[in-house]
Amino acid sequence: MTRRVLGILLLAVAGVSLAILSEAPYAATPPNRALIRLSWRAYSEQVQACRRLTPEELERLPIHMRQEEVCERTILPYRLLVSIDGTAVTNILVRSGGAREDRPLYVFHELPVAPGPHRLTIRFEREGEGETRDAAEPIPEREARETPPRLALDEVVVLGDRAVIVVTYDEEQRRLHVLAGREAGS
Amino acid sequence: MAQDPAATLKRLLWRTLARADAVCNRLYGWRYNPLYHSGALVVALFLVLLVTGIYLLFFYRLGAPYDSVAHLTAQPSLGRWIRGLHRYASDAAVIAVALHALRLFAQGRSWGPRALAWVTGVLLFGAVLVCGWTGFVMVWDVQAQVLAQEGARLLDVVPIFSEPISRAFVGERPMPGAFFFLNLFAHIALPIGLGLIVWLHVSRVARPKLLPPRGLLWGSSIALLALSIVWPVTMGPPADLFRLPGPAPYDVFYAFWLPLTRALPVGAAWAAIVAVTLLLLLVPLWTRPRAAHRPLPSVVDEQLCSGCEQCFLDCPYDAITMTPRPAATAAAGRSALVARVDPALCVSCGICAGSCAPMGVGPPGRTGRDQLGAARAFAAARTLASSDVVVIACDRGAAALAHAGASSGVHVWPVSCAGNLHTSVIELFLRAGTGGVLVASCPPRDCWNREGPQWLEQRVYHDREAELQERVDRRRVRIVAAAAAEAEVLLTAIARFRQDIAALAAVPGERDVTDLIRLCEAEEAMR
């Protein structure tokens, strides 16, 4: 009888432990934190650099692959500069996505800040312009779809405790803008 | 001399598990000790998850994941209970997997031919965690948000995605239903894929036991259902991508890694994940004994093999096959088939030594003949009185306890596994004059060699080849199951057996050479 009671007791202790560990309290982020999240997609200018192969290089190729001119397409990168309250916090080169770097450019960057008002300055500028002498002729429609060579945002943002704001690129208005919780309808 | 850390860890784990086994055996009996059925319990819990998952699927809405789960959770009865059972069964599955792995690691059953089971076990555990991850994300509460965002952060460094996955969780757009569909698909498809790995996991054992005893199966399911009624699962606040996640309830079994990886840069987090995974996957390598200490696989003496197939039937690892007898040993009256051991599959358990009547198979030094030789020397070295008992104890189980509790009139003869024991040894001891032979085996579901106690019991009491001869008085033979830390069970069994032996009429013993020894010697001389 005692053994049976002890058996049930042990089972109950195991069950309660399971239930407690199943819902253990944890704060993934401590208080007094806020976050500025930069997230957008950009289509940069695609340039094509062509050159003529030397006779030696042609000689090394199989006959059916001997083309006198070879062209390499690249997508120009952008430089992302961010400063918060006048202090530069980010200066990175954003390249195209994909293993062959032939996809659009994706910006995803998170900047933890203290809650409160902050002056946020962002510059997103295409690099390598003017050096594309051999660039393929841009198609007007395509050029319209491309992200402008320079984007900028200079705004004072106010963040509450644990608040997150998102800076994104509005493809219709062709500018950077700030999204907060209610605006995004989340 | 420096101790091998793996061996020290194994010993420590084994002592802890042995104590826990003893407690559970005392409270639930070894038949229903959940610690012995940890592997089968995972399969049983998977079935519970399958049934409850199908029910939950009817109520889950891809367009409103949080609301649909909240609706279920708010139900006063069935929906909440089923969700609780689903959750607790998944948690219990993680515990069962961990216990299963720890037991096999502590018992040194993780290398050699068992390496495949270990590696696939690690893969299964990984798949269970991923499956759990998808399940928790389905709820789309704060915990789901953190799991999803952290998972995306880790996956973004894998150079196969051109667009950062993290961009899906910025809140710029509402979460698309397609994400929840993909997640649900993975949550259902992954367990189906697990079936293939389970098949591989048990592919090197004969007669795998995939389900626990019915009592334990139903008992554990009912206990978890009762828990879900008494202690219903709750939900955290809904996910809000425009808020940093605050305090919320987290499931330790599936989210234990979050505080670790979130504290690290993504590269370091991956390094830690890869290091832990490799450490686990390479257990078969770093726990493998040095070549000189590795037990040798069984060998077959084809001159003695009668082709009876018993070792082939008994082998718990399918390491023995019956093949046509080679011409060199073929002769009139000899069997057409002969047993052959595959050393790549043999774990040197020695079960075949106990199953071979003519004593023609077994690991070197542990065949039936070797056992008889050792038993003969043991008997010759002491005086065995008719009131004495010989305790044949499994070295991995109760042998140490039997030694500690041995008093005058109790002679302990350790064996590597009670399932190895050739029944002729029992007869030899009785003929040598002892009043009785008590065989202390490990509890059947805890046999390091899987089926040792089962075959032993059948050989002694149910005429399984190589059976204990009919002429042996069964009242003088007893089998007791005692785990490594069950001193009381063993000592009580010894005392009771001695009382029973004393109550029997004294049977004169043979002090000199027994008939059996003479028979063996004559046969050896003929060879």
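A disulfide is a pair of cysteine sulfur atoms within 2.5 Å. I keep that cut-off at hand for these notes on the cysteines.

**Ground rules.** I am working with a predicted model, where local features need pLDDT of at least 70, side-chain atom pairs count only at pLDDT 80 or more, and totals for chains, interfaces and linings use all residues. Residues are numbered from 1 along each chain as its sequence is written, chains are lettered from A and ligands numbered from 1 in the order in which they are written, and side-chain values use heavy atoms, with hydrogens and water left out.

**Entry: the bonded pair.** I looked for disulfides over all chains and the count came to one. The bond runs between Cys50(A) and Cys71(A), with 2.1 Å from S to S. I checked the torsion about this S-S bond: it is about 110°, so the disulfide is right-handed. Cys50(A) sits in strand β3 (residues 46–52) of chain A and Cys71(A) in strand β4 (residues 69–75) of chain A, so the pair ties together parts 21 residues apart in sequence. Strands here are DSSP runs (E, at least two residues), numbered from the N terminus.

**Entry: exposure of the pair.** I call a residue buried under 20% relative accessible area, exposed over 50%, and partly exposed in between (1.4 Å probe, protein chains only). Cys50(A) is partly exposed at 21%, and Cys71(A) is partly exposed at 40%.

**Entry: cysteines in chain B.** Cys24(B) is in no disulfide, and its nearest cysteine sulfur, in Cys442(B), is 16 Å away. Cys24(B) is buried at 9%.

Terms used. Helix = DSSP H or I, 4+ residues; strand = E, 2+ residues; numbered from the N terminus.
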